[in-house]
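Criteria are given where a term is used for the first time.

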Amino acid sequence: MQESSGSSPGAGPSSLPYQTAPNHLNGSGLRIEYAPGKGRGVYACREIPSQTLVEVSPVLLFTSEEYEKHGRHTALDHYTFKWRDGRMALALGLGSLFNHSQSPNVSYTTDSATESIRYITTRKVLQDEELCIFYGHKLWFDPVDSTDRVDTVPTETDDGWGGLTNLGDSYADNGALDNAFFAFHMQGNLDENIPDEELPFTRLKLTPEEEEEEDIESVRTEEAWVVDLPSPRIAATMLKWLKQSGFDTPSLAHLKRIRKLGEHMSIVLILTKEHPDPPSFPADIELPPPYVVTVPRTVALTMTSLKLKSSLWPTIYAPRKKFEPEPWNKGRVLWACDAMREVVRAAQTAGQQGEIPVAAYVPVPYDEDTRVATRMLEPLSARDMRISAAHPLRHCIINLVRAVGELRASTSSDALPDPPPELADSASLSAEKEGALAGPSPLRPEMEVRNGAHYLLTSLTLFTTHEPCVMCSMALLHSRVKEVFYLFPMDKTGGCGSITCVPRLEGVNHRFAINKWRFSRGDASAWMETAGLRIDETFDA
């Protein structure tokens, strides 16, 4: 590739800026266009659907030695970037003309086998819209706007979470899916807490008490008996009578008993579900007949909900403290990203070996106290084995729970017993020993144990590729897992938020947190296809 003007693509105006761009033959409807102040870029001649392959750019590779001696001293230095094996690569075709954007509409994958880069749209691209990729967060230039082009392609695409976009050699060869997966930003102190909206996952709310009632339609209500007080002096008498009559029940503890509207005063007596008939008052107290009003069912957790609920009846303001979700710091988020990357690799390996590409993974706990309490000093993984075992119940989570049970049972001795044959290929003590239960136990019997802390998955976090089915969700509940993370929801079979939410069911004796991984850009379904993790939507994961 050669520049007659001597400027690098998209680097901005040079001493001899070109004002027109060459025609480009491209079956995807792309054109090269010059933008003053930015240089050249790639634009759509027509509307391009999401997940369209728009360009395959061959790359020219240089050894690091020859590039250091020659290439870096030439115009090539404006175009090259670092290939996976350490060589320097020059993208031919349109590959060197895609500009940077913080909100890209194109993702890319590197193909080592063909030494090329594939560019795929992550959303619908409109006619005349520029096609841009994401260079990473550690930019070495000051962009004029969100899609400024710079002098060179980055040496390594930074996903913001320590290079966690490289999920697998077979399906995610480089920063292939960085825009749709681990495109989250992290800098600074690892102990710094991350706001919920910046976490790479969303937390499902399990109980009504966790739900923020931020509009009048979402306020949960019930009916109660109320009576108007003709005089403020009767208020004290009525409060005393409520205690004596047994109407002073905890069910109304979230409400203020007395409501004042100008000169009018009313008192709430009891819920209609607790006392269907109108209450009868003492003969010495002259009151009008009681009537039914709609009142809030719970306390106000926020100032917004307080205003809404108090419009129905004066409500107690009780900001959440005890049930506040625990904060996540940057270090813990990196730990979760590492775990999710491991479970993706395990599922991809399972798919390559003819199994259903679904896997589960329990990492070593992030904090020292939990590691000591659970005695979980090595990670554990399992994969789906329904095909090889010819058994309908060999789901990866069931396999993992069984494997954990074997490990827990082995704490009476220093060495692990031989695993059952059907589990020998379904669980591992580490990513490097996937498919076997062998080696020293991760559960050290000599360590002091907190009562109940090492029962199956108690206090542990489980990561899985697909939303667990109802059976596996119930197994997780009985195993006392602390929290579950999954990538792909299963709308027709999932038991952690789709067709039902097992830990949310009334009457269950344990609740575990559910976290759904957030795809910051792109489509989860398309990512599943690209990563080789596609399964039928009616399949029980």
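1. The protein contains 8 helices and 22 strands, where helices (H or I, at least four residues) and strands (E, at least two) are DSSP runs numbered from the N terminus. This is a predicted model, in which local features need pLDDT of at least 70 and side-chain atom pairs count only at pLDDT 80 or more, while totals for chains, interfaces and linings use all residues. Residues are numbered from 1 along each chain as its sequence is written, and side-chain values use heavy atoms, with hydrogens and water left out.

2. Of the 541 residues in the protein, 51% are buried, a term that stands for under 20% relative accessible area, with exposed meaning over 50% and partly exposed in between (1.4 Å probe, protein chains only). Among contacts (heavy atoms within 4.5 Å) between residues at least 6 apart in sequence, 68% join residues at least 24 apart.

3. An open sheet of 4 strands runs in the order E13-E14-E12-E15 with antiparallel pairing, two strands being paired if DSSP finds at least two bridges between them. Its edge strands are E13 (258–261) and E15 (291–296), each of which pairs on one side only. From one strand to the next, the twist averages 40 degrees, with axes taken as lines fitted to C-alpha atoms, for helices over the stretch in contact, and angles running from 0 to 180 degrees between N-to-C directions. Helix H2 (residues 234–245) packs on the sheet, where it touches E12 (221–229), E13 and E14, and its direction makes about 5 degrees with that of E14.

4. Within this sheet, E13 and E14 (residues 264–271) pair in the antiparallel sense over 4 bridges, and Lys260 stands opposite Met265 in E14.

5. In helix H7 (residues 470–478), the buried residues are Cys472, Ser473, Ala475, Leu476 and Leu477. Their cover includes helix H6 (396–409) together with strands E20 (461–466) and E21 (483–488). Just after H7, Arg480 takes a positive phi of about 65 degrees.

6. Ser498 sits in the loop between E21 and E22 (513–517), and is partly exposed because its relative accessible area is 26%. Leaving aside neighbours within four places in sequence, Ser498 is in contact with Glu467, Pro489, Met490 and Asp491. A polar atom of the Ser498 side chain lies 3.3 Å from the backbone oxygen of Met490. Pro468, which is 30 residues from Ser498 in sequence, is 9.8 Å from Ser498 in space, C-alpha to C-alpha.

Methods
A polar contact is a pair of N or O atoms within 3.5 Å; within protein, one must be able to donate a hydrogen and the other to accept it, and residues adjacent in sequence count only if both atoms are side-chain atoms.
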